[in-house]
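Student: I am new to this structure and would like a close look at a single part of it. Could you take me through the sheet slowly, and then show me what else is worth a look?

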Amino acid sequence: MKKNQEFELTVTDLSDQGFGIGHEQGMTVFVSNLLPKEKAIVRVIKVEKTYAIARVMKMIEQSDERVQPLCDQAGRCGGCAFMHLDYPSQLEYKHKQLKTLFERVDSEIEVCPILGMEDPYYYRNKAQFPIGVENGQVVGGFYKARTNQIVPIQECKIQSKQINEIYHWVLNHLTIEQAQDLRHLFLRHSKKTGDLQVVFIGQNNTDLHAITSKLVKQFPAVTSVVFNENKRNDNVILGKNYQVLYGSDCIAEQCLDLEIQLHFKSFFQVNPDQMEVLYSHALSLANLQKTDQVIELYSGTGTIGLLAAKRAGHVIGVEIVEDAVKNAKENQRRNGIDNAEFICMDATKFAHQNKNEADVVFVDPPRKGMTKQGIEDICALNPKRIVYVSCNPRTLARDLNEFYERGYTCPTIQPVDMFPHTTGVESIALLIQQ
């Protein structure tokens, strides 16, 4: 097979990255924007030893599961890889992929049906729009997949309507000079409280007080405007230093029966409706008792830990981000919870140093999952149950194998569709001692 070669391809499956999968000349061929049972003329754009990547040149047969994307930039911005696939089918394919993946760990694991959304649009409560200047015009949008090229957008169909409105207004009111000194526009919106937060991220504060004054007059729901200085020469979005331009550095949020002050640097699930579904099922799987000693690793603003504290004896939350720990302590005080404590420390280091056993451990690591040492240290705590919340099924499967080697089994995994129209899926795995 050679680059630029064209041939007819029938797709038989979907990859976990949203590519249609077909086979030609003994090679696996990945093609974006093709679905199973679809046939097209494709052109090879890259050839590796065991696979090739191609693009559609001409569609021959379409799947009944194909829909017209609501977004005119679908397939370009690098975000919604599944927007051309009807939503029930998205859930079916994600579930199929999870079952195949976790069967390799243990064929006895029950992978429950994915909990989807009734209305899978305008659900996100946080956006990070890259900002730039092209041809003398201020531009914003999202990066094209695997590039630093901004794909301009007018509206994102998975961001909240309020975020879209603020984004559009700011884009139209930034001067060229202001935009040249910015890198990103960070926006947060609380569906429950209505609070909006605007964070300008860039090298310099170029008269941002002026646009802030106009912004808060136009949008009274904006309760926090911040300039975050980032002069780094890498892909890290947030810098260390910041200046509050209006209000505070937090907004008011809610999750289930918790009131939360949310710092702009703190992690918070981006889908508020599905977050409550996720945490409710995580707590249910934990089966907490009033005497249980609980540890939450990667605790962020302490949401799971504080919810658990209402059912357990005592909770320790561990998080390495200092502002998030301050946030968690403030949320603890705000909700009148006295049987929890939050520690600023690397989760693996804490698990290694801690000598007290836990009945239940909650762990919600980043996409890279856990280290072998971290898993070993958690098992040394001898918890009866471990509730592992994962945003990356591959690293979860890898980590489950490590837990199995240390005497734990996973009877059930509950997937939750936190990210409709994307390839992402959140999973809650229950681990119990053999």
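Tutor: Happy to! Strand S3, residues 20-24, runs antiparallel to strand S4, residues 27-31, and five bridges link the pair. Keep in mind that this is a predicted model. In general, strands of a sheet pair through backbone hydrogen bonds, either parallel or antiparallel.

Now step back to the whole sheet. S3 and S4 belong to an open sheet of six strands, ordered S1-S5-S6-S4-S3-S2, with mixed pairing. At its edges lie strand S1 (6-10) and strand S2 (13-14), each of which pairs on one side only.

From the sheet, let us move on to a pair of helices. Helix H2 (residues 161-173) and helix H4 (residues 208-218) have axes that come within 11 Å and cross at roughly 145°. The crossing of H2 past H4 is right-handed. On the H2 side, Ile 166, Trp 169, Val 170 and His 173 make the contact, meeting Ile 211, Lys 214, Leu 215 and Gln 218 of H4. Sorted by class, this contact holds five nonpolar, two polar and one charged residues.

Finally, a word on the cysteines: the structure holds zero disulfides. Cys 77 has its closest cysteine sulfur in Cys 80, but the sulfurs are 6.0 Å apart, so they are too far for a bond. For Cys 80, the closest cysteine sulfur is that of Cys 156, at 5.9 Å, which is also too far for a bond. Cys 77 is buried, at 15% relative accessibility, and Cys 80 is buried with a relative accessible area of 13%.

Technical notes:
Residues numbered from 1 in each chain as written. Predicted model: local features only at pLDDT ≥ 70, side-chain atom pairs only at ≥ 80, totals over all residues. Heavy atoms only, no water. Disulfide = S-S within 2.5 Å. Buried < 20%, exposed > 50% of the residue type's maximum accessible area, 1.4 Å probe, protein only. Pairing = 2+ DSSP bridges. Helix = DSSP H or I, 4+ residues; strand = E, 2+ residues; numbered from the N terminus. Axes fitted to C-alpha atoms, helices over the stretch in contact; angles between N-to-C directions. Left-handed = near helix turned anticlockwise from the far one by under 90°. Contact = heavy atoms within 4.5 Å. Nonpolar A, V, L, I, M, F, W, Y, C, P; charged D, E, K, R; others polar.
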